[in-house]
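Here are my notes on the model you sent, as numbered points. They start with the ligand and then move to the chain.

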Amino acid sequence: MDNEERAEAVRIVMALKKKYPAFVRNHQRHLELMIPPYADRVTAVCPPTQAILSLYLEENQFTTPFCCHGNDVECNRCGAWVVFHSAAKMEQMGLVNWEANG
Ligand code: SF4
């Protein structure tokens, strides 16, 4: 799935949310932030990396991966719930404005 296909999938979820609001748990803003032009702005910052310490157990010691999904990730394709949920919450709290370009 490329990013345009993903955006279309998110738009379908947004339409489903309108029809079945109790079934789709994601907040509307969370979904909006998953599509252009916001998705790249959010993943460039990745809010959870500022609040979550990911630990992997390798042999008998902890190591810290690039993110909770590992070291081999493509941030511009990320759809992690925690990323976009926390981005929406940060905006709601006035900590960030995703409307601002750059
Ligand atoms: S892949 Fe990992 S670091 Fe990149 S945006 Fe997603 S959660 Fe953040």
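**Notes on the predicted model**

1. The shell around the ligand has, by class, eight nonpolar residues, three polar residues and no charged ones. The residues in question are Thr-43, Cys-46, Pro-48, Thr-49, Cys-67, His-69, Val-73, Cys-75, Cys-78, Ala-80 and Val-83. Please keep in mind that this is a predicted model.

2. Overall layout. The chain has four helices and two strands, in the order α-α-α-β-β-α from the N terminus. Its C-alpha atoms fill a box of roughly 50 × 30 × 25 Å along the principal axes. Of the 102 residues in the chain, 12% are buried. Among contacts with a separation of 6 or more, 55% are between residues 24 or more positions apart.

3. Nonpolar core. The largest nonpolar core has nine residues: Val-10, Leu-33, Met-34, Ala-39, Val-42, Val-83, Phe-84, Ala-87 and Ala-88. Helices H3 and H4 (81-92) each supply at least two residues of this core, and H4 gives the most, with four. In soluble globular proteins, nonpolar side chains tend to be buried together. Val-83 belongs to this core and is also listed among the residues around the ligand.

4. Contacts of Ala-87. Which residues does Ala-87 touch, leaving aside its neighbours within four places in sequence? They are Leu-33, Val-42, Pro-47 and Trp-98. Of these, Leu-33 and Val-42 are members of the core, as is Ala-87 itself.

5. Helix H3. The buried residues in H3 include Ala-39, Val-42 and Thr-43. They lie on the same side of H3, because they cover an arc of only 90 degrees around the axis. The face turned away from this buried side carries the exposed residues Asp-40 and Ala-44. H2 and H4 are among the elements that cover the buried residues of H3. Thr-43, one of the buried residues, is also found around the ligand.

6. Cis peptide bond. The bond from Pro-36 to Pro-37 is cis, with omega near 5 degrees. Pro-37 sits in the loop between helix H2 (28-33) and helix H3 (38-45). Most residues other than glycine have a negative phi, and most peptide bonds are trans. I would list this bond with the two residues in the next points when describing the backbone.

7. Cys-46. This residue follows H3 and lies in the loop between H3 and strand E1 (56-58). Is Cys-46 exposed, partly exposed or buried? With 19 other C-beta atoms within 10 Å, Cys-46 is partly exposed; a residue counts as buried at 20 or more. Cys-46 is also one of the residues around the ligand.

8. Glu-59. Here too phi is positive, at about 55 degrees, although Glu-59 is not a glycine. Where is Glu-59 placed? Glu-59 is in the loop between E1 and strand E2 (61-63). Glu-59 is exposed, with 5 other C-beta atoms within 10 Å.

Methods
Residues numbered from 1 in each chain as written. Predicted model: local features only at pLDDT ≥ 70, side-chain atom pairs only at ≥ 80, totals over all residues. Near = placed C-beta within 6 Å. Nonpolar A, V, L, I, M, F, W, Y, C, P; charged D, E, K, R; others polar. Contact = placed C-beta atoms within 7 Å. Core = buried A, V, L, I, M, F, W, Y, C linked by C-beta atoms within 7 Å. Arc of directions from axis to C-beta.
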